[in-house]
Amino acid sequence: MVIKQPNSIIGNQQLLVTLGMKGEIFGMYYPGRDYAQQVTEALFGVNTNGSIHWLNSIDWQSKQYYLDNSGILKTELKHSSGIGVSITDVVPPDYPVLIRHLKINNNELEGTFYTYFDFDMGERKEKNSGFYDEREGMLSQYWQNHHVGITTTPAFNDWQVGKALGAAWWTSARWGVEHGQLQKNKEDIGNVNIAAGFPLTTKEITQYVIFAKNREELYDLKEQIKSIPFASFITKTHEEWKTWLARGKEINVPSRLNSYYYRSLQVLHLLSDEKLGSVVAAPEFDHEYEECGGYGFCWNRDAVEVMQSLHNAGYTEYLPRFIRWCKHTQLKDGSWFQRYWLNGSLAPSWGNFDYSTQIDETASTIYMMAKYGQSLLEDERQQYLDYYWQTIDRGSKYLMKRTREGLHDPCTDLWETYHGSFTYTSAAIYAALSEVAKLARAQSKSACAIEYEARAKWIKQKTIKMLWMPETGCFAKAVINNEIYPVIDASVIGTFIPFNMLDITSSDEREKIIQMLNTIEKRLNCVVNGKKGIKRYENDKYRGGNPWTVTTLWLINAQLRMAEYYLQKDEKMGEQWLNNTRPYFDMVINSTTNTKLLPEQINKHTGNPAWAIPLAWSSALFIEAVQKLSKLQSLRFTETITCKACALQRQ
Amino acid sequence: MSRDVCTFYVGDNNATLAWFKVTLIDKQGSLSKIPVVFADNGVNQLFGYFGLIEQGVKGKYITFVEFTEKTSVNKLVNELKNLDEVLDVKYHVTKKIIIQTAEFPLEMFNSRAIISRNATFSDIIEEIEDAAPNANALIFQCGLKGGMDAARYFKEVAGIKKRDFITLLKGILFSAGWGVIDIDFNFDSYKGTISVKDSFLAEIKRSTEHAQCGYLSGYFAGFFTEVLDQAIHVQETKCKSTGAEECEFTILPVAKKFGTFMEQTREDTVDTEL
């Protein structure tokens, strides 16, 4: 299957849709964000003078954008023949429906405007069934409890329910569209495709793509939805998003970052399952795992970052829900699996054994749970611990069991590439045990506190002793087969941000942080179009070794933390750290889709978004960076005011 | 009998090999003088062919040769150039192995062409059959597209008329090595049969007991559909791979008012019985 990276996403809690930059649909995920992806192809086409012009072909110029921060997508297409098509896509709140409003600007040409779908209901090509209900004016396709209906205003006058691939090739709806001749077949089974046609003189079409769990529900939804004017859906969707964004904390950053910040928040909202509490890393785009291991699952490592960033942005309901999900998904031995379906069942994995699991994921989860517990007021904290202490303690004991030698037992790294003992993973374990110790101490569980704190300190000492390379001024990536693996890996920033194993207030450790950040900048820097990005590690081969948005944002976040520290001690130095972030921020915001979605990677030759779009982890780290920057701006403003006040007093 | 495509030749360790591309005037008898020059210089010609560049003006003679250390290539080239009929000589000398590079890239029906072993094509088909859902339909679809593209070229670029295309189709598939084709087709009813002797798809035994020429069925369907401007269904009814002497395909028109596959089949069955 061809791998396509989306340019935009829209959705609600029941339906997620990914689209290409010409308005072609890449994915429709219903009822979950992870399952099922219901469509192979969904296109519009114009057949005129015996030729088909699919709207996603190179002959069409396109412009795609969201209407403000409304979550409503607009795609404008123009063909060299003069015909123009404007598409407004909206998934309104509360309904599993994609509404596509089309305006066709055509003065001269004769022909037919087509809408074409190749659905794989329930992610199956086979055993599907399609039919056209002429009385209700609805095309429908289903497999088991996955149903979809297509209906339009005005009603279409031409249709076909055919076979996408079959011996009777001429029944294919796609063939019919390409030859300007739909055959009005009313039902078929197997690998079904469907199409509907309108005279090219039609000026406006509203198309409803409705999903349901059974036929009765589908027909009920159709009745409800078609009784509501399209304009009301636009208004309601606009208001819903506006209200949701307004709930967040205010930010005070340069205006060029604002829209990326709000888009990233919207992305996290769309990729999260509010009912279950989990989140997909990205909408799945490689269903067969042809070029990677897939992204449409929940990794605890990514999810922790997502939930914390939403929490810090003012959306406080996500983190407790995810913690509840973690309680239910913890394995018997106290660890968490490599990745999960959103409902908590185990996802396809290459981490089924002790040696192939990723201990940092368990550590991140425990770290997050302990930090959250500490942030609660005493009464709430007690309730929280009554419910979650067993989970936290079991996870901590697992981490203790895997760190009997100080450095953790060999496992898989966060990049899912190497086996060994890693700096990043050790820092995560350090942070988890330290935070659990603090939480335990606050709850008078002093025996636990002492044990966990001592282990955390030992892990830190061992990591510095065995992995710090004084001549390089950086941590090594790992110890592999009892030998130091001296490759520079951006993930070692984790010793500082987010895990605070290196203490910025200690002059010795602060010096290490500075050396480490300098080494990473020097050794992993990748300049594209004058902007700076950071690669994962030296000799990275995945997708050609591109700079990553995640690693670039790690550096930014570390630099911002340094700036925050120095602004209170040495303003000039603080400003310098702050200024260092600028070319990296430029890289991040210039390597998004034109709809401002952040990818996992940045093409090292072109600077274009390269892979896994939008990536929740990138979006979360960007939100974190903007919040840090906003805090710094406020700090600088306060200091300016204070200085001015002091100066006035002195006068 | 099969014909080798001389794409490469391996001589012994001391062999000196070369290809020559001689451009010459296109007139009667001009070609006959060239092999004489090679023979006089003690050169052993392994393979050669003539191709017209512009009728009545010029053509090219390409040959692959082997010779000993005694042969002077400069002398040979000069003697060739001194012939009144010769316009230009290009050559390349190598040791032990020679690979055909004189004619690159190949072209066929306005498109880049490559030469591939039949076994390679068969491997691709077998992998698709093993791995892809709807494999038969997918292979048929690939053939359909190929047949439509080829027919479109003949119709639009080469201007072939509807009634000439059967002769053309037989000729091009034979020359491409796909098989020896015979077509019996009624232009009024749009029905007919195609027989293919030595179909390249049926030749290699794959792990299927079914007819193996689905790609050809699709190709024929696409070619006829495009030329006739009418959907045509082609189905293999006999296949050499299942024991028949040769492969046979039935050609059926698809009714103008399209129906389901079941309706089509019923209609055609009745018609055939009558």
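A residue is taken as buried under 20% relative accessible area, as exposed over 50%, and as partly exposed in between, with a 1.4 Å probe applied to protein chains only. The structure is a predicted model, in which local features need pLDDT of at least 70 and side-chain atom pairs count only at pLDDT 80 or more, whereas totals for chains, interfaces and linings use all residues. Residues are numbered from 1 along each chain as its sequence is written, chains are lettered from A in the order in which they are written, and side-chain values use heavy atoms, with hydrogens and water left out.

Domain bounds were taken from an automatic or database domain assignment. For chain A this assignment gives domain 1 (8–242), domain 2 (254–299 + 337–346 + 507–651) and domain 3 (350–502), and the C-alpha centres of domain 1 and domain 3 of chain A are separated by 48 Å. Chain B is assigned domain 1 (8–104) and domain 2 (120–273), with 41 Å between their C-alpha centres.

A:R301 is buried at a relative accessible area of 3%, and A:D360 is buried at 0%. In the salt bridge between A:E317 and A:R247 the closest N and O atoms are 2.7 Å apart, and here A:E317 is partly exposed at 25%, as is A:R247 at 39%.

Between the two chains, contact (heavy atoms within 4.5 Å) takes 19 residues from chain B and 12 residues from chain A. The buried area, that is, the accessible area (1.4 Å probe) that two parts lose on being put together, summed over both, is about 1,400 Å², of which carbon and sulfur atoms give 73%. Zero salt bridges are found across this interface. On the side of chain B that touches chain A, the elements giving two or more residues are helix 4 (135–157), helix 7 (214–228), strand 11 (232–238) and helix 8 (261–273), and helix 4 of chain B provides the largest share, six residues.

Notes. A salt bridge is a side-chain nitrogen of Lys or Arg within 4 Å of a carboxyl oxygen of Asp or Glu. Helices (H or I, at least four residues) and strands (E, at least two) are DSSP runs, numbered from the N terminus.
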